[in-house]
Amino acid sequence: MAAILLRSLHNLETVDDEPTAKWNVPLSDGNHVIEFEHGTATGRRVIRVDGKELLHRDWMFQLVGDEVFTFNDNKFVIRVDPIPGLRYSYTLWVNGKSYRNFVQSQSKILKTWLANVGNEEYRIVLDKQTQNVWVNGDQIETENDFTDDGAEILFAIGEIPASIRSQSSGKKEIGLTYTLYVNDVEIERESQLNESEES
């Protein structure tokens with residue numbers, strides 16, 4: 001009887017395909033979607049990153065508490081807290097920072113562009129702290145060169161030459177500006193990731 005009841009509770013929880021909470025996390029190699037499912041009757045917890053299941057626990061009797069996991073050398077914590085009315089709040093922490101603070105700090109560190117080369121779309125990311133460059137999630141080899149008014153990071157997208165040029169903005173609060181050129185054509189920066197609200 002108890003097994004039938006638990007099975008029917010589990011079936012009720014899995015009727016809806018929508019995750020309980022979802023976050024879009026900008027990392028150096030691209031944006032990653034973190035999804036969390038929380039069965040409030042059975043305590044079931046499922047974590048997916050970009051649609052791939054990283055963690056699956058059924059029949060947990062403790063409905064609140066932290067779920068800790070790592071992805072791409074980053075530590076993630078999903079915190080499940082009770083709120084009035086037999087409901088729960090879900091917050092994401094990345095490397096010890098709240099989701100909102102992490103996204104804000106990443107927007108200061110990472111510069112991102114989308115470039116169409118031939119029939120392909122490429123996502124180019126510069127980590128300003130390390131000066132590493134990623135193209136479609138893969139870190140690529142670069143060469144650094146100094147110019148009359150700044151510096152240049154040289155690399156290739158396939159066979160096409162590309163560079164990221166940095167120079168002083170002349171304003172202390174802005175610092176350096178970064179511009180991507182593919183085959184000597186300037187590419188506009190990708191608009192900043194919209195901060196999604198936490199559930």
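Me: Are F69 and F76 buried or exposed?

Reply: The structure is a predicted model, in which local features need pLDDT of at least 70 and side-chain atom pairs count only at pLDDT 80 or more, while totals for chains, interfaces and linings use all residues. Residues are numbered from 1 along each chain as its sequence is written, and side-chain values use heavy atoms, with hydrogens and water left out. Buried means a relative accessible area under 20%, exposed means over 50%, and partly exposed lies in between (1.4 Å probe, protein chains only). Under this definition, F69 and F76 are both buried.

Me: How many residues does the largest nonpolar core have?

Reply: A nonpolar core is a set of buried Ala, Val, Leu, Ile, Met, Phe, Trp, Tyr and Cys residues joined through side-chain atoms within 4.5 Å. In soluble globular proteins, nonpolar side chains tend to be buried together. In the largest core here, the residues with the most contacts inside it are W23, V25, I34, F36, F76, I78 and L92, and the core has 21 residues.

Me: Which elements each supply at least two residues of this core?

Reply: Helices (H or I, at least four residues) and strands (E, at least two) are DSSP runs, numbered from the N terminus. The elements that each supply at least two residues of the core are β1 (21–27), β2, β3 (45–49), β5 (65–71), β6, β7 (87–94) and α2 (99–109).

Me: How many bridges join β1 to β2?

Reply: Two strands pair if DSSP finds at least two bridges between them. Strand β1 is largely enclosed by the rest of the structure, because 5 of its 7 residues are buried. With β2 it forms a hairpin that has 2 residues between the strands, and the bridge partner of K22 in β2 is E35. The two strands run antiparallel, and the number of bridges joining them is 7.

Me: To which residues does the side chain of E37 make polar contacts?

Reply: E37 is found in strand β2 (residues 30–38) and, with a relative accessible area of 15%, is buried. A polar contact is a pair of N or O atoms within 3.5 Å; within protein, one must be able to donate a hydrogen and the other to accept it, and residues adjacent in sequence count only if both atoms are side-chain atoms. The side chain of E37 makes such contacts with the side chains of two residues, at 2.9 Å with R44 and at 2.5 Å with R48.

Me: With which residues is I83 in contact, leaving aside its neighbours within four places in sequence?

Reply: I83 lies in strand β6 (residues 74–83) and is partly exposed, with a relative accessible area of 31%. Contact means heavy atoms within 4.5 Å. Beyond those sequence neighbours, I83 is in contact with Y88 and S89.

Me: Which residue in the hairpin of β14 and β15 takes a positive phi?

Reply: Strand β14 (residues 150–157) pairs antiparallel with β13 (residues 143–147) over 5 bridges. It also pairs antiparallel with β15 (residues 160–168), over 8 bridges, and A156 stands opposite P161 in β15. The hairpin of β14 and β15 has 2 residues between its strands, and the residue with a positive phi near 65 degrees is G158.
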